[in-house]
Amino acid sequence: MFSEPMPLHLIALFARTSRRCRKTVTKSVAHLDLTESRWRVMIHMALLGEGCTQQMLAESLEIEMPSLTRTIKQLETAGLIKRIVDENDKRSRLLYFTPMGKGRMNDIESTLAALRDEVYAGISDEELNIMALCINKIEQNAVRLLEAN
């Protein structure tokens with residue numbers, strides 16, 4: 001039987017681990033002049049695909065639009081992304097990487113690939129797969145509970 005020192009202690013461990021990993025990534029990409037909010041936006045943009053809307057990105061990041069808009073403006077000013085009016089919905093903006101942004105995204109991916117090996121050191125692929133499966137199940141259960149309320 002699974003045992004925890006306190007109920008949902010495992011969730012607190014997830015949160016702490018997530019926070020420490022984000023700090024590690026931020027430190028690793030600091031030479032690219034990227035804050036946590038900037039690298040997270042760029043990674044989520046890459047995952048969603050170019051041409052995603054700001055609304056899609058806000059939902060993916062689970063942040064409010066004003067916070068996202070501020071970060072997008074910073075990335076735009078830095079020449080890393082561009083916003084284009086959606087021809088199907090003039091109120092919406094589609095997000096694209098500039099050539100410089102694509103280069104920066106490649107740098108982020110290279111940095112994360114090297115960091116991945118260090119962060120996952122001593123953990124087998126099988127263990128990582130099982131952990132990912134379990135975390136996804138816990139997340140699905142939490143979403144189900146949120147939607148039920």
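**Entry 1: His44**

I looked up His44 and found it buried, with a relative accessible area of 17%. Buried means under 20% relative accessible area, exposed means over 50%, and partly exposed lies in between, with a 1.4 Å probe and protein chains only. The model is predicted, so I noted the limits: local features need pLDDT of at least 70, side-chain atom pairs count only at pLDDT 80 or more, and totals for chains, interfaces and linings use all residues. Residues are numbered from 1 along each chain as its sequence is written, and side-chain values use heavy atoms, with hydrogens and water left out.

His44 sits in helix H2. Helices (H or I, at least four residues) and strands (E, at least two) are DSSP runs, numbered from the N terminus. I then listed the contacts of His44, a contact being heavy atoms within 4.5 Å. With neighbours within four places in sequence left aside, His44 touches Leu57, Ser60 and Leu61.

**Entry 2: the chain as a whole**

I counted six helices and three strands in the protein chain. Along the sequence, I read the pattern as α-α-β-α-α-β-β-α-α. The C-alpha trace spans about 55 × 40 × 25 Å along its principal axes. Of the 149 residues in the chain, 25% are buried. I also checked contacts with a separation of 6 or more: residues 24 or more positions apart account for 47% of them.

**Entry 3: the sheet**

In what order do the three strands stand? I found an open sheet with the order E1-E3-E2 and antiparallel pairing. E1 (52–53) and E2 (81–86) are the edge strands, each with a single partner strand, so one side of each has no neighbour in the sheet. Two strands pair if DSSP finds at least two bridges between them.

E1 pairs with E3 (residues 89–97) over two bridges, in the antiparallel sense. I looked up the partners: Cys52 has Leu95 of E3 as its bridge partner, and Thr53 stands opposite Leu94 in E3.

E2 and E3 also run antiparallel, and six bridges join them. Here Lys82 is opposite Tyr96 in E3, and Val85 is opposite Arg93 in E3.

Helix H2 (residues 36–48) lies across E1, E2 and E3 and runs at about 100° to E3. Such angles run from 0 to 180 degrees between N-to-C directions, and axes are lines fitted to C-alpha atoms, for helices over the stretch in contact.

**Entry 4: Ser92**

Ser92 is in strand E3. Is Ser92 buried or exposed? At 14% relative accessibility, I put Ser92 down as buried. Neighbours within four places in sequence aside, Ser92 is in contact with Thr53, Ile84, Val85 and Asp86.

**Entry 5: helices H1 and H5**

I next took helix H1 (residues 9–28) and helix H5 (residues 99–119), which pack at an angle of about 135° with their axes 11 Å apart. H1 and H5 are therefore oblique to each other. Angles under 35 degrees count as roughly parallel, over 145 as roughly antiparallel, 65 to 115 as roughly perpendicular, and the rest as oblique.

H1 passes H5 in a right-handed crossing. A crossing is right-handed if the near helix is turned clockwise from the far one by less than a right angle, and left-handed if anticlockwise.

Which residues make the contact? From H1, I noted Cys21, Thr24, Val25 and Ser28, and from H5, Thr111, Leu112, Leu115 and Val119. These residues divide into five nonpolar, three polar and no charged. Ala, Val, Leu, Ile, Met, Phe, Trp, Tyr, Cys and Pro count as nonpolar, Asp, Glu, Lys and Arg as charged, and the others, Gly among them, as polar.

**Entry 6: Thr24**

Thr24 belongs to helix H1. I found Thr24 partly exposed, with a relative accessible area of 33%. His9 is 15 residues from Thr24 along the chain, and their C-alpha atoms are separated by 23 Å.
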